[in-house]
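Subject: Two-chain model for you to look at

Dear colleague,

Here is the structure we spoke about. Please open it alongside this message; my notes follow.

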Amino acid sequence: MTAATPERHEPSARRSHYEVRENRTVAPGFLQRGRRIWEYRELLGSLTRRELKIKYKDSILGFLWTLLNPLLYLVVFSIVFAVLLRTDVPLYGVFLLSGLLAWTMFSTGVTGATISITGNGPLVQKVWFPREILPLSAIGAALINFFFQFVVLVIALVVFQRAPAWEYLPLLIPALAVTVLWSAALGIVLSAVNVHYRDVQHFLELVFLAWFWLTPIVYQFDLVGDLLAERGITDRLAMLNPMIPVVTTFQRVIYNPTHEIGTQAAANFDFLLGRSGMWYLENLAISGAMAAVVLVIGVKIFGKLEADLGEEL
Amino acid sequence: MEPAIEIVGVTKRFRRHTEPNKSIKERLLYFRKNEVKEFDALHDIDLEVAQGETIGLLGHNGSGKSTLLKCIAGTIRPTSGEIRVRGRMAAMLELGAGFHPDLTGRENVFLNGSILGFSREHVTRIFDEIVAFAELEEFIDQQVKYYSSGMYARLGFAVAVNLEPDVLLVDEVLAVGDENFQRKCLERVRRFQTEGRTIVLVTHSPDQVIQLCDRALVLDHGHSLHVGDTAEAVRVFRHALHASSGSTDPVLAEAAAAAAGGALRIAGATATADDGSDTVQPGDGVTIELRYVAADLVPSARARIVITTHDGVQMLNASTFDLLGHDLEALDGAGSVRFRIDRLPFLDGSYRVGLVLQDPSETFQYDQDLEACTFDVFSGRPIIGRVELDIEVEHSTGQRTP
C-alpha cells in the first residue's frame, strides 16, 4: 500500500453501517431470519419486479394478459353457468371471480415459490442472500398480479352497478394477510424440499387441483354448510380447509349477496348472509393461527435444508 | 484493527451419493443400495485476513479452495466452525451470476447490485461508472441475451468491482475476457488494494499469487498446508502438485475427478517430447495429451490450450474449435484430446500448459487447470528470445571506402 494513495477507502466499520456477517454451523433463528429479510427488502422488491417483467417480456400485449385472464373467466363462466347450466346464482361471473382471484393468488404464489430456488440455481450457488427472498418474491409477484386482476373485478362491479358490502370491507385486509401468510408458510418450506425431491412440484399440481374443488369457489359455501348442518356438525369444521375463510370473506364483501335478499336466489347464501362480521374474523384468525404454526415449522425445516442448497442443485 | 475475515476451525463434510437419486421413488427404491460416501472438502481450516490485505487461496483442482470461498461467501454452511466477515462483501464466484437473459443490461445492473446487497440508490450513483468500465454504453438497454460472452463477463465484473465492497471474493474470474480486459481487471484489483480493501483470490496460478497477494493459504485435499509468505506458498503448492501427480495412477485419478462432481473434468495431462522425455529440442515435436472424465454424456465441448512462458507471456491460446473448425462431440466417460505440435519453434525455457474445458458458447467452463503440465525446451545454445527464427547470417568484409 503506497503513501501516494489519493483517497483511502473507509471500511464500513467506521461508517454508520457496521455489518458483521456470520456463517456458522447453527442455522439462524426465526427472528434473525425476519431481520435479515427486512435488511434485504430491496432485493425482494427487485426480484418481484423481475418476476413480473420476465413473465410478459417480448409479448406485444404484455401486462394486459394479466387482465385478460380474469376477463375471460368472467365472460366464459357467465355464459356457461348462467345460460347453459341455468345456475340460480345471479351475476355468476362476479361471484366466481370474487373467490377465484384470492385462490389464484394463493395457488400461483405457492407454485411459483416452490420452483423459485430450483429455477434460480446459478444464483443460489454463487451469491449469498437470505434464501427465503426467492420464494417470497414469487409470492410478491402473485400478490401484485392479484391487485391488477382485482381491477377487472372492480370494473365489473361498476358495470353491473353492484355495490360491495361496505360495512364488511375492512375484512379484506385480514383475508389478504392470511392468504399471504399461508402462501409464505407453504412456499418457503416447499421451495427447499423441492431441491431435494423434485416430486414436490408435480405433486403440488394435483394437490391444488383437488384443493380447488374442495374450496367453495365455483359453488356456494351453502352447499358445504347445509351438508354439515344436516349431520349436526358445526360449520367451523369446514374451516379446516384454511382457504375457506378467505374465499367466503371475499364473496361476502365483493359479491355481496345482500343484493339477493328478498329474491329466490337468497336461499343460496343463507350461511354467508346469516353470519356476522365476527364470524368471518374468527375464521380468518383460526386460519391465520394455523398458518403461523406451519410457517414456524416450515422455516425450521428450511433452515436445516438450506445448508447445502448450493450443492444439491 | 479487527480482522476483515475470521475463519475458525471450519470443516465442511460432503456426502456424495454414488448416484444422485432425485425423486422419492428412486430414493425409496435404492435406499439401501445407495452407498453414501463422506469426505471432508475442508478440514479444520483457520485463517485470519486483516483489513486491506489480499490473500490468495492456492490449490489444485479439488483441493477445497472454492469450497472455502463459498463458505466465506455464505452460499454453503460449514459442518463445523465459524466464519465472520466484517463489512460489505461482494462475491465474484461467477461473473454475471444472477443476470437474467431477458432483462436489459441496465435492469440487470440494478438487479445484480441488489443481489449483492447494495441499495438502488447506491447503484444509481455509480451506474455510469459501471457502464463506462464495461464499455457497454451503446448496448446497455439491450437484453443481455444478445450480448457476447465477453460483454457479459465485462458487465459482471464491472458491477462487482464498482460497487466498492469492503471485501471482494474473486474465483478465477480474472482469467476471462480478452487480454485488454484482463489487464483492466488487474488494474482495478490493484486500485482496490491501494484503497485498503480486502481481497480473497482463489487461483491455481502461482504467478497471480506472487503478483497480487500479500499472503497465501495453500490447500490440499481440504487440509491447510501453509499460511503466510507467498513465495513459500508457491513452493509448497508446487511440491503438493508434484507429490500428487507423481503417485497418480490414472484410474484412481479419474475416479477422484468423477467423485469431485461436475459433468466434465480434467483428469490429467502430460506433455511428451518425441524422445519420450519432457525436454524438447527446438524444432522437435511435442504431444500434449489432455485426459478428461465426463460423468454424463456431454454433447459438445471445447478444449482450450494455453501455453505460457515462465514469465507469463502467452505463446499459444487456441481452442479445438479454432484448430479444427468444429467442436468436440459426444464426450462420455474417460477420453483424451491430443494436441500434437510437429515442430516446436520455441527457444530455451520452461513452458506451462494450461487446459480449459468449456462449453461451445465459451460462457461456461467445465474445468480448467492453468498449469496442467509443463515442458522444457533445451538446446544448450545461448540464444535469448522466444521463438526459433530461421535466420541466415551473411557477413561480408574486406571492403574499404576509397
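B:Gly74, which follows helix 2 of chain B, has a positive phi, near 95°. As this is a predicted model, please read that value and the rest of these notes accordingly. Helix 2 of chain B has 8 of its 9 residues buried, so it is largely enclosed by the rest of the structure. The buried residues are B:Lys65, B:Thr67, B:Leu68, B:Leu69, B:Lys70, B:Cys71, B:Ile72 and B:Ala73.

Helix 3 of chain B is also mostly covered, with 10 of its 11 residues buried. Among them are B:Val109, B:Phe110, B:Leu111 and B:Ile115, along with B:Glu107 and B:Asn108. What do the buried residues of this helix pack against? In chain A, their neighbours are helix 2 (41–55) and helix 5 (121–126); in chain B, they are helix 4 (120–134) and helix 5 (149–162).

The interface between the chains

On the chain B side, 47 residues are in contact with 37 residues of chain A. The elements of chain B that give two or more residues to this side are helix 2 (65–73), strand 4 (80–86), strand 5 (89–92), helix 3 (105–115) and helix 6 (179–194). Strand 4 of chain B gives the most, with 7 residues. By class, the chain B side holds 17 nonpolar, 17 polar and 13 charged residues.

Chain B has an open sheet of 6 strands in the order 5-6-7-3-8-9, with mixed pairing. Strand 5 and strand 9 (223–228) of chain B stand at the edges with a single partner strand each, so one side of each is left without a neighbour in the sheet. Direction ignored, neighbouring strands of this sheet are turned by 15° against each other on average. Strand 5 of chain B runs parallel to strand 6 (residues 167–171) of chain B, and 4 bridges join them. One pair of bridge partners there is B:Met89 and B:Val167.

Chain A

Of the 313 residues in chain A, 41% are buried. For contacts in chain A between residues at least 6 apart in sequence, 83% join residues at least 24 apart.

One helix pair in chain A is worth a look. The axes of helix 6 (residues 133–159) and helix 7 (residues 172–196) of chain A come within 9 Å and cross at roughly 145°, and the crossing is right-handed. On the helix 6 side, the residues that meet helix 7 of chain A are A:Leu134, A:Pro135, A:Leu136, A:Ala138, A:Ile139, A:Ala142 and A:Leu143. Helix 7 of chain A brings A:Val180, A:Ser183, A:Ala184, A:Gly187, A:Ile188 and A:Ser191. This contact comprises 10 nonpolar residues, 3 polar and no charged ones.

Best wishes

Note on methods: Residues numbered from 1 in each chain as written. Chains lettered and ligands numbered in written order. Predicted model: local features only at pLDDT ≥ 70, side-chain atom pairs only at ≥ 80, totals over all residues. Contact = placed C-beta atoms within 7 Å. Nonpolar A, V, L, I, M, F, W, Y, C, P; charged D, E, K, R; others polar. Buried ≥ 20, exposed ≤ 12 C-beta atoms within 10 Å, placed from the backbone. Axes fitted to C-alpha atoms, helices over the stretch in contact; angles between N-to-C directions. Left-handed = near helix turned anticlockwise from the far one by under 90°. Pairing = 2+ DSSP bridges.
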